Amino acid sequence: MSTRAIAIENVKTGEVTEAVYEHPFAVRLCHWVNVVSLFVLVGSGLQIFRAFPSFGAKIPQKDLLHWPKAFALGGWLGGALHWHLTFMWIYMATGLLYLGYQIFSGNYKQVLFMPRDVPGVWPMVRHYFFFGPKPPVKEAYNPLQKHAYTSVIGLGVLSVLTGLAVWKPVQFSWLAWMMGGFHLARLWHFLVMWAILAFVFGHLVMVILHGWNNFVSMLTGWKKDPEYLSK
Amino acid sequence: MDSPVDNRKFKSINRRELLKLAPVVALGAFAIPKLQKPLLKTGLGFSDWASSKLFRSGHLAPTFADSELTPFSKFPINDYDVDDPQVDLDRWTLTVSGAVQKPGEYTLAQIQALPKVRQNTRHVCVEGWDVIGRFGGVRLSDFLKMIGADTTARFVTVECADDYYESLDMATAMHPQSLLCYEMYDEPLTRQHGAPLRLTLPTKIGYKQAKYLMDLKVTHVLERAGYWEDQGYSDFYGL
């Protein structure tokens, strides 16, 4: 592990605990900016969807769902487009900064799902969903986490590509073509959003289950008493 | 592992790391009512700027086979006011003004004397729906040539019989698929679809493709971008 670890001594009791620097500043910054961006993009996206809540023909229009206005952002289509077309740049810039940092710092090794992680996926699934024994924790991210965090980056890339195909179906006609045409690109964009939301849901459940020290590490970078250092 | 640090020092390290995230709080500016509007306007303006940079004058919008056309009866009629503004088709002329050598009134016959173009292209509405229609007309670029337009001017603006108004950047106006359209589905434009003359712009969003044209102006200065633009939609909205 390349993660930096330190020992902390409590001056009063003399007790020594450990902490590791898990999340570099760039990763934490991107994470929290992205929380805001996703919130805005999903909210405004659903308001945009309200203008034509269908993936079929305009005539006759068959509405897919009437999304409540309370969960939408922007007030009306034009307002929602302001939010969407502003935060998409913040979202893309954050994505590029994250990917650039991970690649050039080598920090990606901590989280990138690799073939050697494959055998570890099933034991984690069995533990989380089928009451299986807990596999030993050896590094910051277990194989299932790596799989989730790597996949969601892929979903992020897809959200941008499908979005570009919807926004610019002429200039990026090849993108729209690859997605089965403009009409379908709009559907993929919508489905990718739900896939990202599914990730967010699972992620939040895990954060709650893993407790305070784990949560704080995404704010300060430091995780106290990580499982994988204990004897 | 480094030598142990004491817990107070560790706390101050943590505080410092937490403070580094202050830039995230800057995004809270979007929640301040006074700042929200100008910030979002800047964002939309940036998107429009990027759109104009992404626009390639030689890149054609996809065209479609006749079998892929949306039936004419299912081509939506969208207006902001009335379906039929009662244009007097017999006495209609297009009034041309601005940075042109030959301003004045142009009849439909004069416009139809230019080379005719037919194309099956996609019409995309800002609401999210799209249809593939068959459009016939003359290239806007041919018409601009005929009236001796100064093509170094930045905009072409139009006004309509229903008081709708729109604007186009010159690059889009000169695009080979940008048409002054007088036919849909090989029939003269119906009143609901903008008789006698409308814009067909496969590289632009639907609200730019004004119907019932009455006035056309070539201009260096944009007085107003368009009806929907004034309500808050994008000024450029290229596809």
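**Exposure, backbone geometry and chain contact**

Mentor: Let us start with B:Gln86 in this predicted model: B:Gln86 is exposed, because it has 10 other C-beta atoms within 10 Å.

Trainee: In which loop does B:Gln86 lie?

Mentor: Phi of B:Gln86 is positive, near 60°, and the residue is not a glycine. Most residues other than glycine have a negative phi. The loop that holds B:Gln86 is the one between α3 (33-54) and β2 (94-98) of chain B.

Trainee: Is B:Tyr237 buried or exposed?

Mentor: B:Tyr237 lies in the segment after α7 (227-231) of chain B. Its phi is positive, about 25°, although B:Tyr237 is not a glycine. A residue counts as buried if 20 or more other C-beta atoms lie within 10 Å of its own. Since B:Tyr237 has 23 other C-beta atoms within 10 Å, it is buried.

Trainee: Why does B:Leu189 count as buried?

Mentor: B:Leu189 is found in the loop between β9 (187-188) and β10 (198-200) of chain B. Leaving out residues up to four places away in sequence, B:Leu189 touches several residues, including B:Cys181, B:Tyr182, B:Ala195 and B:Pro196. B:Leu189 is buried because the number of other C-beta atoms within 10 Å is 22.

Trainee: What distance separates the C-alpha atoms of B:Leu189 and B:Lys211?

Mentor: Along the chain, B:Leu189 and B:Lys211 are 22 residues apart. The separation of their C-alpha atoms is 9.9 Å.

Trainee: What is omega for the peptide bond that joins B:Ala195 and B:Pro196?

Mentor: B:Pro196 is found in the loop between β9 and β10 of chain B. The bond that joins B:Ala195 and B:Pro196 is cis, whereas most peptide bonds are trans. Its omega is about 0°.

Trainee: Which peptide bond of chain A is cis, with omega near -10°?

Mentor: The proline concerned, A:Pro60, is found in the loop between α1 and α2 of chain A. With omega near -10°, the cis bond is the one from A:Ile59 to A:Pro60.

Trainee: Which residue of β11(B) is the bridge partner of B:Thr157?

Mentor: Strand β6 (residues 155-160) of chain B pairs with β11(B) in the antiparallel sense, over 6 bridges. β2(B) pairs with β11(B) in the parallel sense, over 4 bridges, and there the partner of B:Ser97 is B:Lys217. For B:Thr157, the bridge partner in β11(B) is B:Lys217.

Trainee: How many of the residues of β11(B) are buried?

Mentor: Strand β11 of chain B runs over residues 213-219 and is mostly covered. Of its 7 residues, the number buried is 5.

Trainee: What radius of gyration does chain B have?

Mentor: The C-alpha trace of chain B spans about 90 × 40 × 35 Å along its principal axes. Of its 239 residues, 37% count as buried. A compact globule of 239 residues would have a radius of gyration near 18 Å, but that of chain B is 24 Å.

Trainee: Where is the kink in α6(A) centred?

Mentor: A straight helix of 39 residues would span 57 Å at 1.5 Å a residue, but α6(A) spans only 43 Å between its end C-alpha atoms. The helix has a kink of about 125°. Buried residues of α6(A) include A:Phe182, A:His189 and A:Thr220. The kink is centred on A:Gly211.

Trainee: Which element gives the most to the side of chain A that touches chain B?

Mentor: The contact takes 41 residues from chain A and 44 residues from chain B. Among the elements that give two or more residues to the chain A side are α1 (25-50), α2 (77-105) and α6 (182-220). With 9 residues, the element that gives the most is α2(A).

Trainee: How many residues of that side of chain A are nonpolar?

Mentor: The side of chain A that touches chain B also holds 10 polar and 5 charged residues. The number of nonpolar residues there is 26.

Trainee: Which residue of β1(B) is the bridge partner of A:Glu9?

Mentor: β1(A) and strand β1 (residues 5-6) of chain B run parallel and are joined by 2 bridges. In β1(B), the partner of A:Glu9 is B:Asp6.

Conventions. Residues are numbered from 1 along each chain as its sequence is written. Chains are lettered from A and ligands numbered from 1 in the order in which they are written. This is a predicted model: local features need pLDDT of at least 70, side-chain atom pairs count only at pLDDT 80 or more; totals for chains, interfaces and linings use all residues. Two residues are in contact if their C-beta atoms, placed from the backbone, lie within 7 Å. Ala, Val, Leu, Ile, Met, Phe, Trp, Tyr, Cys and Pro count as nonpolar, Asp, Glu, Lys and Arg as charged, and the others, Gly among them, as polar. Two strands pair if DSSP finds at least two bridges between them. The expected span of a helix is 1.5 Å times one less than its number of residues. The bend at a residue is the angle between axes fitted to the seven residues ending there and the seven starting there. A residue is buried if 20 or more other C-beta atoms lie within 10 Å of its own, exposed if 12 or fewer, and partly exposed in between; C-beta atoms are placed from the backbone. The radius of gyration is taken over C-alpha atoms; the globule rule is 2.2 Å times the number of residues to the power 0.38.
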